[in-house]
Amino acid sequence: MWFFIILFIGTAFVFGFDMISREQNTEYILIRLTIYFVFYITVTWNIIKQVWQAKRVTKNVIMGLMSGYISLGFLAFFLFMSIELTNPGALSGPLLDTTDMALKSDGILYYSYITLLTIGYGEIVPTIPIAQKAAVLVGLIGQFYLVIITAVVVEKYIKHSSTKD
(Lines give C-alpha, C1' and ligand atoms only; values in the text may rest on other atoms or scores of the structure.)
Protein backbone atom coordinates (compact mmCIF):
# COMPACT_ATOMS: atom_id res chain seq x y z
CA MET A 1 0.00 0.00 0.00
CA TRP A 2 2.78 2.43 0.92
CA PHE A 3 4.54 1.60 -2.31
CA PHE A 4 1.59 2.88 -4.35
CA ILE A 5 1.18 5.98 -2.21
CA ILE A 6 4.86 6.87 -2.65
CA LEU A 7 4.64 6.11 -6.39
CA PHE A 8 1.56 8.34 -6.70
CA ILE A 9 3.13 11.23 -4.77
CA GLY A 10 6.35 10.96 -6.78
CA THR A 11 4.38 10.88 -10.02
CA ALA A 12 2.27 13.88 -9.06
CA PHE A 13 5.37 15.86 -8.08
CA VAL A 14 7.37 15.04 -11.22
CA PHE A 15 4.52 15.53 -13.68
CA GLY A 16 3.28 18.64 -11.90
CA PHE A 17 6.73 20.20 -11.94
CA ASP A 18 7.18 19.18 -15.57
CA MET A 19 3.91 20.87 -16.55
CA ILE A 20 4.96 24.10 -14.82
CA SER A 21 8.55 24.29 -16.05
CA ARG A 22 8.01 22.88 -19.56
CA GLU A 23 11.70 22.03 -19.77
CA GLN A 24 12.60 18.84 -21.58
CA ASN A 25 15.95 18.06 -20.04
CA THR A 26 17.33 14.55 -19.72
CA GLU A 27 16.98 14.32 -15.93
CA TYR A 28 13.22 14.90 -15.96
CA ILE A 29 12.74 12.50 -18.84
CA LEU A 30 14.74 9.83 -16.99
CA ILE A 31 12.71 10.36 -13.82
CA ARG A 32 9.48 10.02 -15.82
CA LEU A 33 10.78 6.88 -17.52
CA THR A 34 11.71 5.44 -14.13
CA ILE A 35 8.22 6.09 -12.80
CA TYR A 36 6.67 4.52 -15.90
CA PHE A 37 9.05 1.58 -15.60
CA VAL A 38 8.16 0.96 -11.94
CA PHE A 39 4.45 1.28 -12.74
CA TYR A 40 4.60 -1.10 -15.70
CA ILE A 41 6.76 -3.61 -13.85
CA THR A 42 4.11 -3.71 -11.11
CA VAL A 43 1.28 -4.02 -13.62
CA THR A 44 3.08 -6.65 -15.70
CA TRP A 45 3.99 -8.69 -12.64
CA ASN A 46 0.39 -8.68 -11.44
CA ILE A 47 -0.96 -9.62 -14.87
CA ILE A 48 1.46 -12.52 -15.22
CA LYS A 49 0.76 -13.65 -11.65
CA GLN A 50 -3.00 -13.66 -12.29
CA VAL A 51 -2.58 -15.60 -15.54
CA TRP A 52 -0.27 -18.07 -13.81
CA GLN A 53 -2.62 -18.62 -10.86
CA ALA A 54 -5.83 -18.94 -12.88
CA LYS A 55 -7.48 -22.32 -12.38
CA ARG A 56 -9.51 -22.22 -15.58
CA VAL A 57 -8.72 -20.67 -18.92
CA THR A 58 -11.36 -18.08 -19.68
CA LYS A 59 -11.56 -15.13 -22.01
CA ASN A 60 -10.04 -12.97 -19.24
CA VAL A 61 -7.03 -15.26 -18.95
CA ILE A 62 -6.42 -15.04 -22.70
CA MET A 63 -6.75 -11.24 -22.56
CA GLY A 64 -4.36 -11.21 -19.59
CA LEU A 65 -1.89 -13.32 -21.55
CA MET A 66 -1.92 -10.79 -24.39
CA SER A 67 -1.82 -7.81 -22.02
CA GLY A 68 1.21 -9.23 -20.24
CA TYR A 69 3.09 -9.51 -23.53
CA ILE A 70 2.18 -5.96 -24.54
CA SER A 71 3.29 -4.70 -21.11
CA LEU A 72 6.64 -6.46 -21.56
CA GLY A 73 7.07 -4.45 -24.76
CA PHE A 74 6.51 -1.22 -22.86
CA LEU A 75 9.06 -2.29 -20.24
CA ALA A 76 11.55 -2.93 -23.05
CA PHE A 77 10.78 0.53 -24.45
CA PHE A 78 11.50 2.21 -21.11
CA LEU A 79 14.73 0.23 -20.80
CA PHE A 80 15.97 1.10 -24.30
CA MET A 81 14.85 4.72 -24.00
CA SER A 82 16.77 5.08 -20.73
CA ILE A 83 19.86 3.56 -22.31
CA GLU A 84 19.59 5.92 -25.30
CA LEU A 85 19.13 8.98 -23.08
CA THR A 86 22.08 8.18 -20.84
CA ASN A 87 24.28 7.03 -23.74
CA PRO A 88 23.31 8.96 -26.89
CA GLY A 89 23.94 6.84 -29.95
CA ALA A 90 23.59 3.54 -28.07
CA LEU A 91 21.03 2.53 -30.68
CA SER A 92 21.76 3.39 -34.27
CA GLY A 93 19.78 3.22 -37.48
CA PRO A 94 17.90 5.27 -40.05
CA LEU A 95 14.78 5.47 -37.84
CA LEU A 96 16.84 7.10 -35.07
CA ASP A 97 18.80 9.61 -37.17
CA THR A 98 16.86 12.60 -35.88
CA THR A 99 17.08 15.17 -33.14
CA ASP A 100 13.29 15.13 -32.64
CA MET A 101 12.74 13.14 -29.44
CA ALA A 102 9.19 12.15 -30.44
CA LEU A 103 10.41 10.55 -33.68
CA LYS A 104 13.32 8.91 -31.88
CA SER A 105 11.00 7.47 -29.23
CA ASP A 106 8.74 6.07 -31.97
CA GLY A 107 11.77 4.27 -33.43
CA ILE A 108 12.78 2.95 -30.02
CA LEU A 109 9.23 1.70 -29.35
CA TYR A 110 9.34 -0.10 -32.70
CA TYR A 111 12.75 -1.56 -31.87
CA SER A 112 11.51 -2.71 -28.45
CA TYR A 113 8.70 -4.80 -29.89
CA ILE A 114 10.77 -6.12 -32.80
CA THR A 115 13.37 -7.27 -30.25
CA LEU A 116 10.76 -8.74 -27.86
CA LEU A 117 9.23 -10.65 -30.76
CA THR A 118 12.77 -11.72 -31.81
CA ILE A 119 12.11 -10.61 -35.38
CA GLY A 120 15.13 -8.32 -35.62
CA TYR A 121 14.94 -6.73 -39.05
CA GLY A 122 18.27 -5.01 -38.47
CA GLU A 123 17.46 -1.39 -39.31
CA ILE A 124 18.13 -0.43 -35.68
CA VAL A 125 21.15 -1.96 -33.99
CA PRO A 126 22.63 -1.64 -30.50
CA THR A 127 26.10 -0.13 -30.74
CA ILE A 128 27.40 -0.29 -27.17
CA PRO A 129 27.69 -3.30 -24.86
CA ILE A 130 24.91 -2.30 -22.44
CA ALA A 131 22.44 -1.85 -25.30
CA GLN A 132 23.52 -5.20 -26.78
CA LYS A 133 23.02 -6.94 -23.44
CA ALA A 134 19.63 -5.28 -23.00
CA ALA A 135 18.61 -6.49 -26.47
CA VAL A 136 19.60 -10.06 -25.58
CA LEU A 137 17.71 -9.80 -22.27
CA VAL A 138 14.56 -8.49 -23.96
CA GLY A 139 14.72 -11.23 -26.61
CA LEU A 140 15.13 -13.91 -23.95
CA ILE A 141 12.28 -12.54 -21.86
CA GLY A 142 10.04 -12.52 -24.93
CA GLN A 143 10.86 -16.15 -25.69
CA PHE A 144 10.51 -17.27 -22.07
CA TYR A 145 7.13 -15.58 -21.86
CA LEU A 146 5.88 -17.27 -24.99
CA VAL A 147 7.28 -20.67 -24.10
CA ILE A 148 6.59 -20.85 -20.36
CA ILE A 149 3.55 -18.68 -19.63
CA THR A 150 1.70 -19.61 -22.81
CA ALA A 151 2.49 -23.30 -22.28
CA VAL A 152 1.03 -23.15 -18.77
CA VAL A 153 -2.16 -21.56 -20.09
CA VAL A 154 -2.45 -24.15 -22.88
CA GLU A 155 -1.90 -26.96 -20.36
CA LYS A 156 -4.67 -25.59 -18.12
CA TYR A 157 -6.98 -25.31 -21.11
CA ILE A 158 -6.30 -28.91 -22.16
CA LYS A 159 -6.89 -30.16 -18.60
CA HIS A 160 -10.10 -28.17 -18.30
CA SER A 161 -11.47 -29.24 -21.70
CA SER A 162 -10.63 -32.92 -21.14
CA THR A 163 -12.50 -33.00 -17.80
CA LYS A 164 -15.61 -31.53 -19.47
CA ASP A 165 -16.02 -34.52 -21.80
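Reader: Which residues does Ser71 touch, not counting residues up to four places away in sequence?

Author: Ser71 touches Tyr40, Val43, Thr44 and Ile47, where contact means heavy atoms within 4.5 Å. This is a predicted model, in which local features need pLDDT of at least 70 and side-chain atom pairs count only at pLDDT 80 or more, while totals for chains, interfaces and linings use all residues. Residues are numbered from 1 along each chain as its sequence is written, and side-chain values use heavy atoms, with hydrogens and water left out.

Reader: Why is Ser71 called buried?

Author: Buried means under 20% relative accessible area, exposed means over 50%, and partly exposed lies in between, with a 1.4 Å probe and protein chains only. Ser71 has a relative accessible area of 6%, and therefore it is buried. Ser71 lies in helix H3, helices being DSSP runs of H or I with at least four residues, and strands runs of E with at least two, numbered from the N terminus.

Reader: How do you know that Ala76 counts as buried?

Author: Ala76 counts as buried because its relative accessibility is 3%, which is set against the limit of under 20%. Ala76 is placed in helix H3, and, leaving out residues up to four places away in sequence, Ala76 touches Ser112 and Val138. The C-alpha atoms of Ala76 and Ser112 are 5.4 Å apart in space, although the two residues are 36 residues apart in sequence.

Reader: What makes a set of residues a nonpolar core, and which residues have the most contacts inside the largest one?

Author: A nonpolar core is a set of buried Ala, Val, Leu, Ile, Met, Phe, Trp, Tyr and Cys residues joined through side-chain atoms within 4.5 Å. The largest has 34 residues, and those with the most contacts inside it are Val51, Phe80, Leu91, Ile108 and Tyr145. At least two residues of this core come from each of helix H2 (26-53), helix H3 (59-86), helix H4 (101-116) and helix H5 (129-164), and H3 gives the most, with twelve residues.

Reader: Why is Leu140 called partly exposed?

Author: Leu140 has a relative accessible area of 42%, and so it is partly exposed, since that class lies between the limits of 20% and 50%. Leu140 lies in helix H5.

Reader: Why is Thr118 called partly exposed, and where is Thr118 found?

Author: Thr118 is partly exposed because its relative accessible area is 40%. Thr118 is found in the loop between H4 and strand S2 (125-126), and its phi is near 55°, a positive value in a residue other than glycine.
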